[in-house]
Amino acid sequence: METVFYRMEKRIPVIAETDVLVVGGGPGGMGAAVMAARQGVRVVLAERYGCAGGMASFGEITPFMPNHLHGVTLDKPVFVEWCRKMWEYRDDEAKEAVFDEKIMPGTRISKDVAMLAMEDLLLEAGVKVIYHHNLVDVIMDGDRIEAAVFSSKSGLCAIRAKQYVDSTGDGDLAVLAGCDFEFGNADGFCQPMTLCFKLGGVDTARMPDSKEINRLYDEAKAAGEIDCPRENVLWFSTLEKGVIHFNTTRIIRKSGVNGLELSDAEIEGRRQLRDYLKFLRAHVPGFEHARIHSIAHHVGIRESRRILGECYQTEADFTSARKYPDGIAKVRYPIDIHNPSGSGTIIRTLPETEWYEISFRTLIPKKCANVLMGCRSVSIDHALHSSARVMPPVCSIGQAAGMGAAMAVKAGCRPSALDGVEVRKNLAAAGADL
Ligand SMILES: Cc1cc2nc3c(=O)[nH]c(=O)nc-3n(C[C@H](O)[C@H](O)[C@H](O)COP(=O)(O)OP(=O)(O)OC[C@H]3O[C@@H](n4cnc5c(N)ncnc54)[C@H](O)[C@@H]3O)c2cc1C
């Protein structure tokens, strides 16, 4: 690609100074900011959009994938509190009488409620939330981040912190700070993107079962009426009557961290959506009068960069259900790889009584002295990422990064100098299931 020389040198305002800066307001960023703030340090969370929630809000993702042991969630306390807040917003008809953390993890998500509930938690914890600020650069002092640079409607500005947590999902902050990363599978392709959408006006009583919907889908594909590499139609019921959620478009071989490819992915996702709409209305009973209820504002990115850290975990950790003395999250969600290059999905499960753990050192990037990873882009391989990436464990990874950042602020040290076993103990004392 042709390049041009562009020079910029200017003084920019420092709009906030804080102990911990969390960049990104998704499930990981919420975990990080809430947990850090509860340790009594000052926390700012900066988010590029005008709301919190990450993929649960603007990506329109539902439901929470189960990360349970014997039917009970492994992701406490912040994830459970988020679910409880969402439950409180539900109307009486959609709401179970009592909040039960055993049944909670099956929660279907309203993107607006997810966003409101997350903001509640952040504000109640005393986090200073700054929306509409997109991270674009960092100012380094040796191997430390001196300040993070954001772009907003006011122009460029900086936020200065002692410790930083990268909760961008893509590792934007760590990469700007010079950290190394892996990307995709052995062929260099990430899991496909999906543009999620919901259809309303569905007569659900007349809807056939999944097997029949998939048979009709195969026929429509064979007839050239629908062009999508996915092997079947992936749909979920929702909290609203007559509204069905679709997680079924499949956009392959595009990078979620390449601006132009991301733009193309949105267009391709909406092209597939139009095909699905025509197919469902024409062929699937109950959908004759279906209408568009909502479309994700941002194509869903399952996988992008994975920042290399002090510990690197692989699929072998899953297979051997490996535990770590400094384990900060327990995961038993399956390996769940949507084919990066076409049709098919690989699922591998653990025995019912088993889980593996994420080590605290997996959250510590090798090349930067004051950043922790508090999102899906931690130091794990493509296969393990497909398991740890779902929202409940990402929340737990985030809360561990927040705990580590707060401990590093208090000790005046770099996160790599912390004893991970102490981080685990402090998390357990704060309510984590460790
Ligand atoms: C199509 C799809 C379906 C999925 N289905 C499920 C499911 O059914 N159940 C489940 O539990 N999980 C599911 N997942 C996985 C899950 O949604 C994500 O892995 C999870 O949301 C990751 O959380 P995160 O906090 O790491 O990142 P995100 O949720 O992506 O949050 C990152 C946040 O950082 C912000 N941000 C990013 N870059 C910047 C920047 N430069 N400056 C400032 N802010 C920035 C973003 O706006 C966002 O708010 C799915 C994912 C996809 C893509």
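**Exercise 1.** Determine how many bridges join strand β10 to strand β12, and how the two strands run.

*Solution.* Step 1: locate strand β10 at residues 197–200 and strand β12 at residues 244–246. Helices (H or I, at least four residues) and strands (E, at least two) are DSSP runs, numbered from the N terminus. Step 2: count the bridges; there are 3, and the strands run antiparallel. Two strands pair if DSSP finds at least two bridges between them. Step 3: identify facing residues; Lys198 stands opposite His245 in β12. Step 4: turn to strand β13 (residues 291–295), which is joined to β10 by 4 bridges, again antiparallel. Here Leu199 stands opposite Ile292. As a general rule, side chains in a regular strand alternate between the two faces of the sheet.

The model is predicted: local features need pLDDT of at least 70, side-chain atom pairs count only at pLDDT 80 or more, and totals for chains, interfaces and linings use all residues. Residue numbers start from 1 along each chain as its sequence is written.

**Exercise 2.** State into which domains the chain is divided, and describe the contact between them.

*Solution.* Step 1: domain 1 comprises 14–184 + 303–429, and domain 2 comprises 197–295; these bounds come from an automatic or database domain assignment. Step 2: the domain centres, taken over C-alpha atoms, are separated by 29 Å. Step 3: 17 residues of domain 1 are in contact with 15 residues of domain 2, where contact requires C-beta atoms, placed from the backbone, to lie within 7 Å. Step 4: the side of domain 1 that touches domain 2 has 3 nonpolar, 9 polar and 5 charged residues. In this classification Ala, Val, Leu, Ile, Met, Phe, Trp, Tyr, Cys and Pro count as nonpolar, Asp, Glu, Lys and Arg as charged, and the others, Gly among them, as polar.

**Exercise 3.** Describe the residues that surround the ligand.

*Solution.* Step 1: the shell has 37 residues, of which Gly24, Gly26, Gly54, Gly169 and Gly300 are the closest; a residue is near a molecule if its C-beta atom, placed from the backbone, lies within 6 Å of it. Step 2: α1 (27–38), β6 (134–141) and α9 (391–411) each give two or more residues. The largest share, 3 residues, comes from α1. Step 3: the shell divides into 16 nonpolar, 14 polar and 7 charged residues.

**Exercise 4.** Decide whether Val22, Glu60 and His132 are buried or partly exposed.

*Solution.* Step 1: apply the rule that a residue is buried if 20 or more other C-beta atoms, placed from the backbone, lie within 10 Å of its own, exposed if 12 or fewer, and partly exposed in between. Step 2: Val22, in strand β1 (residues 14–23), counts as buried because it has 39 such neighbours. Its contacts beyond four places in sequence include Gly29, Val43 and Gly374. Step 3: Glu60, in the loop between β2 and β3, has 27 neighbours and therefore counts as buried. Step 4: His132, in the loop between β5 (128–130) and β6, has 15 and therefore counts as partly exposed. Step 5: check the backbone; phi is positive at Glu60, near 60°, and at His132, about 60°.

Definitions and conventions:
Contact = placed C-beta atoms within 7 Å.
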